[in-house]
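Hi,

Here is the structure I promised to pass on to you. Please have a look at it before reading my notes below.

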Amino acid sequence: MTATPAASGTAPARQALVLGTLILVAAVANLNLSVANVALPSIGRAFDSSQTALNLVAVGYSLGLAASVLYLGAVGDHYGRKLLLLVGTGLAIPASLLAAYSVSDVMLVLSRILGGLAAGMAYPTTLALITALWSGPQRTRAIALWSAIGGAISATGPMLSGLVLQWFWWGSVFLLTLPLALVALFLASRNVPAHVNETTEPVDNLGGILSVLLVAALVLGLNFAPTPGAGAAVAGLFLVALAAAVAFVLRQRRAPNPLYDLNVASRRTFWVAALAGIIVFGSLMGSLFIGQQFMQNVLGYTTLQSGAAILPSPLLMTMVAPRSAKLIERYGSRFTLLCGYVFLLAGFLTMLLLWQEGIPYWRVALAYALVGIGIGFAGTPASRALTSSVPVQRAGMASGTADLQRDLGGAIMQSLLGALLTAGYTKSFATQITDSPESQQVSQATEAELQKSFASAAQTAQRYPEYSTQIIQAAKEAFLAGDRWAYSAAALAIVVGIVLVSLAYPKHAEENRLLASYQSGP
């Protein structure tokens, strides 16, 4: 399969078929990232799960993907991107089956992590192949389609999950990707070219292991932070993350063939785009994670209604992304990123200020519409800046980082927002119990159940029907207190992103000069 030159760059033969196949492979991971969110209340009832356990179910897939993506991106560069693509897509099938038929929330979390590892093989390879097969403005347009359709598929995951949950059990949501994975596996084996601009340099396996330890310990530490009695474990996880980070940097400075070229990573078009993307894509996953629980627990939406409620987000994301590519060519990545950030900030401020008990749907739709527009504008420049900052032989490093934006951003934002939701919920419920004139009648065991999660409080309400209304109302108020903490943190993160991009990312002319020099040299 040869590249077709054009005035606007190069592209492979049958480029529409190749790009469609790569987007379909990525769709398996994008859909898996979000299908669990709608099912969280059902999972909580099925296993009497704590809020921390539900956070881990939601973040498990992102954890496996984020922890492995840098290492496996380098493995694909050396051993063959197509091979890794096929293995990862194939492994997604048993991982989905294990998740669907889990007999405990622990098994479900482990199955989700396995699915994330499978995605770590396939997902970064899709962007690496786009980088290797396309060039110039054609690459920007290909990345825009890959980013927009991927984000839209991820955002429609809750609606599809809600649809199947109307008739089937919670595990059915993890079977949604099975037909997609089978079709993607067949098309990838036939249409994706092998051994395009790959490297013969050996893989830095020690650096890869350290990167896995670093990300995994960081994400787990964030998830367990609000858990009562887990202080020692959390401190240990953060110490492991810190030690792994120091060891990773030292290893990359001394390794003859580093997994992660720190000289490349220090380029402004690379590291600023990487951090900006973490906030961008983390915002999307965070809004889906908290929003689904808010709509079902507080507004009383069914799983189908809560899934369909976010449709403005994927629709506008897909409409805006092609215009994002045009803005990049005309005004640069900095301007386009800032446009996206403004809409994202408006979306989270809408959630913070307008999302309350009993609100009309237009307030929900407005927030998700703003988030969709923001992702549509900001997703493409965040990914494009990374892939354009490295030589094509190191496409795995750039694509791994671009995927890490989504996965680590999603894992960190879901973990952080989930931790704040848990802490705010627990604190509010404890205060309500203390202030209640009947507080002396509440046993310690019952108090622990009420503070465990909304699902646990709802089950407790069923056992005490005479207090059911008060318990559910208190749980709603506690949830709203927790989600206000979460939305405030998300808005603050976006403000930090705006400041970072404004001050550190080069303007259009300087960006073009830098990217041209990076493509012509090491």
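Below is what I found, grouped by topic. Please keep in mind that this is a predicted model.

Let me begin with the aromatic rings. The count comes to 10 aromatic pairs. One of them is formed by Phe 294 and Trp 355, which are stacked, at 5.0 Å centre to centre and with 10 degrees between the planes. Phe 294 belongs to helix H10 (residues 268-297) and Trp 355 to the loop between helix H13 (333-354) and H14, so this pair ties together parts that are 61 residues apart in sequence. Both partners are buried: Phe 294 has a relative accessible area of 0%, and Trp 355 has 3%.

Phe 343 and Phe 377 make a pair as well; their ring centres are 5.9 Å apart and their planes are at 25 degrees, so this pair is stacked. Here Phe 343 comes from helix H13 and Phe 377 from helix H14, so parts 34 residues apart in sequence are tied together. Phe 343 is partly exposed at 29% relative accessibility, while Phe 377, at 14%, is buried. There is also one aromatic cluster, made up of Phe 294, Phe 348, Trp 355, Tyr 368 and Tyr 487.

Ala 378 sits in helix H14 (residues 361-387) and has a relative accessible area of 0%. Leaving aside neighbours within four places in sequence, Ala 378 is in contact with Val 280, Thr 336, Leu 337 and Gly 340.

On the surface, Leu 97, Tyr 101, Leu 163, Trp 167, Phe 168 and Trp 169 form a nonpolar patch with about 690 Å² of accessible area together. Its member Leu 163 is in helix H5 (residues 136-165) and is partly exposed at 38% relative accessibility.

Helix H3 (residues 81-100) has 20 residues and reaches 29 Å from its first C-alpha to its last, close to the expected 28 Å. Among its buried residues are Leu 84, Leu 85, Gly 88 and Ile 93.

Finally, a backbone detail. Most residues other than glycine have a negative phi. Asp 48 has a positive phi, near 50 degrees, and is placed in the loop between helix H1 (15-47) and helix H2 (51-79).

Best wishes

Terms used:
Residues are numbered from 1 along each chain as its sequence is written. This is a predicted model: local features need pLDDT of at least 70, side-chain atom pairs count only at pLDDT 80 or more; totals for chains, interfaces and linings use all residues. Side-chain values use heavy atoms; hydrogens and water are left out. Helices (H or I, at least four residues) and strands (E, at least two) are DSSP runs, numbered from the N terminus. The expected span of a helix is 1.5 Å times one less than its number of residues. Buried means under 20% relative accessible area, exposed over 50%, partly exposed in between (1.4 Å probe, protein chains only). Patches are made of residues with over 30% relative accessible area and no salt bridge: like charges are joined within 9 Å, nonpolar side chains (Val, Leu, Ile, Met, Phe, Trp, Tyr) within 5 Å. Accessible areas come from the Shrake-Rupley method with a 1.4 Å probe; for residues, only the protein chains shown count as cover. A salt bridge is a side-chain nitrogen of Lys or Arg within 4 Å of a carboxyl oxygen of Asp or Glu. Contact means heavy atoms within 4.5 Å. Rings of Phe, Tyr and Trp (its six-membered ring) pair if their centres lie within 6.5 Å; planes under 30 degrees apart count as stacked, over 60 as edge-to-face and the rest as tilted.
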